Amino acid sequence: MRRASALVMAASVLSSALALADERDVWMFAQWAGDHQTRPFREMLVNARLYGIVPIHQLLRSASDWKLCRASPFAVPPASNWPAVRSTLSLLQALGDQKVLGPFEVVSAYRDPGLNRCAGGAVGSAHTRAFAVDVLLPAWADPNPLCRFWQQHGQAWNMGLGRYPSGRIHIDTAGYRTWGGDGSAGSSFCSKPR
């Protein structure tokens, strides 16, 4: 019995280590948060009943190129973006509730315009003007249910859904649109009904 418990625990530790796609973990976030005001943002999430939809250390990750750009690893979106934060988190909650989106990790969310420019983000990116998340799915996950959801319900959610050559998937509620690796709708994995 002990051996079985030890094996389960070892497998759990191994799988959680493999799932970490980004070095910006809880410990790094705690160090950053000690010097940055996050309480009003957290309170907004609690009041909206959206706290915990995405772990806070992932929800506040800035661009993945933060080191290259000599920027902060985390960022609190300005209060003017908070309605979009609530909208995007509500969408993520609905995707989870409907089993459209299984396990995922947010690797990039709000970016200030300077970091977005340095990281090669689109001009007027939803990461800067509203609120967007770039997520990584496990290698075994099928992204096609996201396409079907976007095709059937995306317009009602004002959902943006894109997929980059890296495999990352972009989700926002800043406009009904889709795109693929070259940035155009024609290259989207959702452009044709599936």
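Counted along the chain, the bonded cysteines of this predicted model pair in the pattern 1-2, 3-4. A disulfide is a covalent bond between the sulfur atoms of two cysteines; here a pair of cysteine sulfur atoms within 2.5 Å is taken as one. By this rule the protein has two disulfides. Residues are numbered from 1 along each chain as its sequence is written, and side-chain values use heavy atoms, with hydrogens and water left out. Because the model is predicted, local features need pLDDT of at least 70 and side-chain atom pairs count only at pLDDT 80 or more, while totals for chains, interfaces and linings use all residues.

**First stop: C69 and C118**

Select C69 and C118 and display their side chains; the S to S distance is 2.1 Å. The link of C69 and C118 is left-handed, with -95° about the S-S bond. The pair connects distant parts of the chain, 49 residues apart: C69 is in the loop between α4 (56-59) and α5 (82-97), and C118 is in helix α6 (residues 113-118). Helices (H or I, at least four residues) and strands (E, at least two) are DSSP runs, numbered from the N terminus.

How large is the relative accessible area of C69, and how large is that of C118? C69 is buried, at 16%, whereas C118 is partly exposed, at 42%. Buried means under 20% relative accessible area, exposed over 50%, and partly exposed in between (1.4 Å probe, protein chains only).

**Second stop: C147 and C190**

Next, select C147 and C190, whose sulfur atoms lie 2.2 Å apart in a disulfide. This link of C147 and C190 is also left-handed, with -75° about the S-S bond. C147 belongs to helix α8 (residues 144-157) and C190 to the segment after β5 (177-179), so the pair ties together parts that are 43 residues apart in sequence. Both C147 and C190 are buried.

Just after α8, N158 takes a positive phi of about 60°.

Move to H127, in helix α7 (residues 126-129). Is H127 buried or exposed? H127 is buried, with a relative accessible area of 1%. The side chain of H127 reaches the backbone oxygen of A109 at 2.6 Å. Leaving aside residues up to four places away in sequence, H127 touches several residues, including A109, N116, D134 and H170. Contact means heavy atoms within 4.5 Å.

**Last stop: the whole protein**

Finally, clear the selection and colour by secondary structure. The protein has eight helices and five strands, which follow the pattern α-α-α-α-α-β-α-α-β-α-β-β-β along the sequence. Of its 194 residues, 41% are buried. Among contacts with a separation of 6 or more, 64% are between residues 24 or more positions apart. With the surface displayed, the protein exposes about 10,500 Å², of which carbon and sulfur atoms supply 56%; accessible areas come from the Shrake-Rupley method with a 1.4 Å probe, and for residues only the protein chains shown count as cover.

Terms used: A polar contact is a pair of N or O atoms within 3.5 Å; within protein, one must be able to donate a hydrogen and the other to accept it, and residues adjacent in sequence count only if both atoms are side-chain atoms.
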